[in-house]
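Trainee: I have a model open and want to learn how to read it. Where do we begin?
Mentor: With the terms, then one feature at a time.

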Amino acid sequence: MSQKRIVILGIFVADTAYRAKRQPKMGETLLGRDFNLGPGGKGSNQAVAAARLGSAVSFISRLGDDEFANMARRMWKAEAIEPLVISDAASFTGAAYIFVDDTTGDNAIIVVPGAASNVAPTDLDRNRHRIEEAAIFMTQLETPVEAAKRGLEIAKSADVTTVLNPAPAAPLDRELLELCDYLTPNESEASILTGFPIRSIPEARSAAEELRDRGANSVIITLGKHGAYFHNGSQSVHVEAYDAGKVVETTGAGDSFNGAFVHGLLQGLSPVESTRFACVAASISVTRPGTAPSMPTSFEVEQIYGRI
């Protein structure tokens with residue numbers, strides 16, 4: 001990889017996080033324990049994760065013209081992320097409702113992308129040169145799939161490494177999957193994509209094999225507290241998670257994993273070692289509240305990764 005930059009397509013949303021013992025039933029009101037407003041959105045979180053580890057990152061998206069947009073731009077400036085972002089005054093910056101179980105740290109999320117719902121293939125064409133000059137292009141499915149596909153097409157045609165984090169899960173045809181050097185679903189998303197239950201490592205391998213049969217090159221299924229499963233046809237490796245402390249909130253773990261994975265690739269680590277590095281980063285992120293704020297630094301990850 002001659003160019004040391006990661007380009008990420010995705011959305012920014014303002015996370016509104018509520019902590020309580022359980023979610024209310026329809027028509028019920030509960031008292032919660034805590035509330036937090038902060039920066040989020042899968043693509044933006046992944047950009048922060050990679051940038052905080054030391055990678056040069058550019059981020060493609062759309063925002064409204066409002067205070068949440070100001071929050072995004074302040075954060076990107078602080079994290080040294082290059083925004084390739086259109087401001088859409090006719091729409092609004094997205095937001096997310098996040099319920100956090102006060103006992104387990106697990107979460108349930110509703111995302112409203114706002115202006116980022118209007119990200120179009122032309123946005124990727126407008127930034128074609130930035131993608132073609134990059135080492136890695138990564139996207140998710142919170143923007144319209146047509147835009148994600150166009151970004152992957154541009155990157156693939158320029159021999160740029162491509163990563164698709166298929167979240168939230170949506171039907172993916174062979175044409176799109178064949179554009180993916182790396183496909184990184186979590187166990188729930190992999191199960192939705194394949195129809196296979198994933199309750200064990202052998203079942204994770206079966207799902208990864210199925211996704212490769214459908215066109216993806218390498219598949220990495222993240223397994224929460226059980227780490228991740230890497231499969232590329234010649235290597236099949238279960239990488240365990242690490243105990244970095246008490247689990248506080250799991251919301252940003254997948255984004256931390258993806259940002260750290262592409263950072264590892266950019267630094268010249270092998271795909272399996274990048275997966276191991278990413279598992280360490282995700283294990284640290286769950287010990288902290290919030291999404292973007294929970295992303296660890298390179299020093300913090302190396303303190304654990306260097307001992308493995």
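Mentor: Helices and strands here are DSSP runs, numbered from the N terminus. Keep in mind that this is a predicted model. Now a case: alanine 80 lies in the loop between helix H2 (67–78) and strand S5 (81–87).

Trainee: What is the phi of alanine 80?
Mentor: General idea: most residues other than glycine have a negative phi. Here, alanine 80 has a positive phi, near 60°.

Trainee: Is alanine 80 buried or exposed?
Mentor: The cut-off for exposed is over 50% relative accessible area. Alanine 80 has 60% relative accessibility, so it counts as exposed.

Trainee: Where does aspartate 159 lie?
Mentor: In the loop between helix H5 (145–157) and S9. Aspartate 159 is not a glycine, yet its phi is positive, about 60°. Aspartate 159 is exposed, at a relative accessible area of 74%.

Trainee: Which residues does a cis peptide bond join?
Mentor: General idea: most peptide bonds are trans. Here, a cis bond links alanine 167 to proline 168, with omega about -5°. Proline 168 sits in the loop between strand S9 (161–164) and helix H6 (174–177).

Trainee: Now the helices. Which residues of helix H11 are buried?
Mentor: General idea: an α-helix has 3.6 residues a turn, so residues three or four places apart point the same way. In helix H11 (residues 298–305), the buried residues are Val301, Ile304 and Tyr305. Viewed down the axis of H11, they fall within an arc of 95°, so they line one face of the helix. H10 is included in what covers them.

Trainee: At what angle do the axes of H9 and H10 cross?
Mentor: At roughly 145°, for H9 and helix H10 (residues 271–285), and the axes come within 7 Å. The crossing is right-handed. Among the residues that meet are Phe257 and Phe261 in H9 and Phe277 and Cys279 in H10. By class, this contact of H9 with H10 has eleven nonpolar residues, six polar and no charged.

Trainee: How do the axes of H1 and H9 cross?
Mentor: Helix H1 (residues 42–52) and helix H9 (residues 253–266) have axes that come within 7 Å and cross at roughly 50°. H1 and H9 are therefore oblique to each other. H1 passes H9 in a right-handed crossing. The contact includes Lys42 and Asn45 of H1, and Asp255 and Val262 of H9. Its residues divide into three nonpolar, six polar and two charged.

Key
Residues numbered from 1 in each chain as written. Predicted model: local features only at pLDDT ≥ 70, side-chain atom pairs only at ≥ 80, totals over all residues. Heavy atoms only, no water. Axes fitted to C-alpha atoms, helices over the stretch in contact; angles between N-to-C directions. Helix = DSSP H or I, 4+ residues; strand = E, 2+ residues; numbered from the N terminus. Parallel < 35°, antiparallel > 145°, perpendicular 65-115°, else oblique. Left-handed = near helix turned anticlockwise from the far one by under 90°. Contact = heavy atoms within 4.5 Å. Nonpolar A, V, L, I, M, F, W, Y, C, P; charged D, E, K, R; others polar. Buried < 20%, exposed > 50% of the residue type's maximum accessible area, 1.4 Å probe, protein only. Arc of directions from axis to C-beta.
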